[in-house]
Amino acid sequence: MKNLKERILKLKKEKNAVILAHYYQESDIQDVSDYVGDSLGLSQEAMQVHADIIVFAGVHFMAETAKILNPGKKVILPDLNAGCSLADSCPANLFQQFTQAHPDHIVITYVNCSAEVKALTDIVVTSSNAVKIVNSIPKDKPIIFAPDKNLGKYVMEQTGREMLLWDGACVVHEAFSFDKLIELYKQNPDAQIIAHPESETHILKTASYIGSTAGMIEYVKTNPGTKFIVATEVGILHKMKLEVPYKILIPAPSNEDNTCACSQCGYMKVNTLQKLYDCLLNETPEIKVPADIMKKAFVPIERMLELSK
């Protein structure tokens with residue numbers, strides 16, 4: 001494994017490539033990446049890339065976003081099967097029908113969607129900036145929010161805005177078991193529960209802190225507490241442990257009885273260190289987005305980045 005990591009770092013330098021990785025990637029991939037972050041951070045970082053090749057260690061919609069922001073660069077993904085249940089819950093043709101039925105609404109989509117859906121959007125958001133951006137919309141303007149209904153409900157609660165929600169969700173964040181979580185908390189009454197806003201409302205009601213993956217990491221770094229139950233994809237624990245090695249971090253339990261007693265994203269875990277090496281060596285599979293879709297999708301992403309400053 002060490003040798004493979006060294007080969008990746010050597011190859012990356014030879015090819016003038018940069019590796020961007022999401023917090024949910026396996027720890028070995030995070031260790032060889034130039035930047036590890038959440039969706040907002042990765043979008044912002046993609047805008048600053050000067051390398052010839054972007055290797056995106058994440059899922060397909062994230063790599064598409066990087067390509068939209070860097071149309072002249074080669075963007076590659078270790079495995080094209082690294083999809084997203086949330087993005088899949090919002091097919092572009094059905095979403096177009098939905099928006100056309102409500103032509104007076106501003107269309108806001110969570111970044112976890114396809115390039116085609118982004119092209120039908122007025123403003124893209126992430127979990128880091130959704131509340132801020134919705135608050136910036138004039139109160140007399142009706143809003144469609146897609147595709148995540150759980151994030152949408154959370155944003156409505158935080159902003160007091162009524163929004164028309166698309167009925168989509170992330171299977172990873174809907175997998176947490178409320179009963180097991182409460183039992184785990186009873187066993188660790190000195191712990192704080194922290195949760196991602198893609199989680200269901202009954203999970204969020206138990207949390208001391210609700211925020212994006214980057215926000216959760218910052219919270220455990222700055223909060224004086226020493227024990228946290230973390231309700232998001234388990235891959236985040238690698239970065240958290242690096243930041244706060246002296247604190248106790250416990251993954252929130254899922255309904256499924258699995259070896260990690262946690263919620264894992266099978267799509268994120270499709271990427272492996274070997275696939276990352278092969279991808280960089282062969283410069284494939286390459287992410288391609290039709291020019292007209294890329295042009296339309298760039299506008300709402302650019303608006304998001306401007307509003308996030």
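In which helix is T159 found? T159 sits in helix α9, which covers residues 149-159; helices here are DSSP runs of H or I with at least four residues, strands are runs of E with at least two, and both are numbered from the N terminus. A word on the model itself: it is predicted, so to speak of a local feature takes a pLDDT of at least 70 and to count a side-chain atom pair takes pLDDT 80 or more, while totals for chains, interfaces and linings use all residues. Residues are numbered from 1 along each chain as its sequence is written, and side-chain values use heavy atoms, with hydrogens and water left out.

Back to T159, which counts as buried at 15% relative accessibility. Buried means under 20% relative accessible area, exposed means over 50%, and partly exposed is in between (1.4 Å probe, protein chains only). The T159 side chain reaches the backbone oxygen of V155 at 2.7 Å, and a polar atom of that side chain lies 3.2 Å from the backbone nitrogen of R161. With neighbours within four places in sequence set aside, T159 is in contact (heavy atoms within 4.5 Å) with V131, V134 and N135.

Now for the charged pairs. Side chains of opposite charge can pair when their charged atoms come close. A search of the whole structure turns up 14 salt bridges, a salt bridge being a side-chain nitrogen of Lys or Arg within 4 Å of a carboxyl oxygen of Asp or Glu.

K5 takes part in a salt bridge with D28, with the closest N and O atoms 3.0 Å apart. This pair ties together distant parts of the chain, 23 residues apart: K5 belongs to helix α1 (residues 2-14) and D28 to helix α2 (residues 27-32). Both K5 and D28 are buried. K5 also forms a salt bridge with D31, and here the closest N and O atoms are 3.4 Å apart. Again helix α2, through D31, is linked to helix α1, through K5, across 26 residues. D31 is partly exposed, at a relative accessible area of 41%.

Another salt bridge joins D79 and K275, whose closest N and O atoms are 2.7 Å apart. The two residues are 196 residues apart, with D79 in the loop between β4 (74-76) and α5 (85-88) and K275 in helix α14 (residues 273-282). D79 is buried at 12% relative accessible area, whereas K275, at 30%, counts as partly exposed. Finally, E218, K221, K239 and E243 are linked in a network of salt bridges.

Note on methods: Polar contact = N/O pair within 3.5 Å; in protein donor to acceptor, adjacent residues only side chain to side chain.
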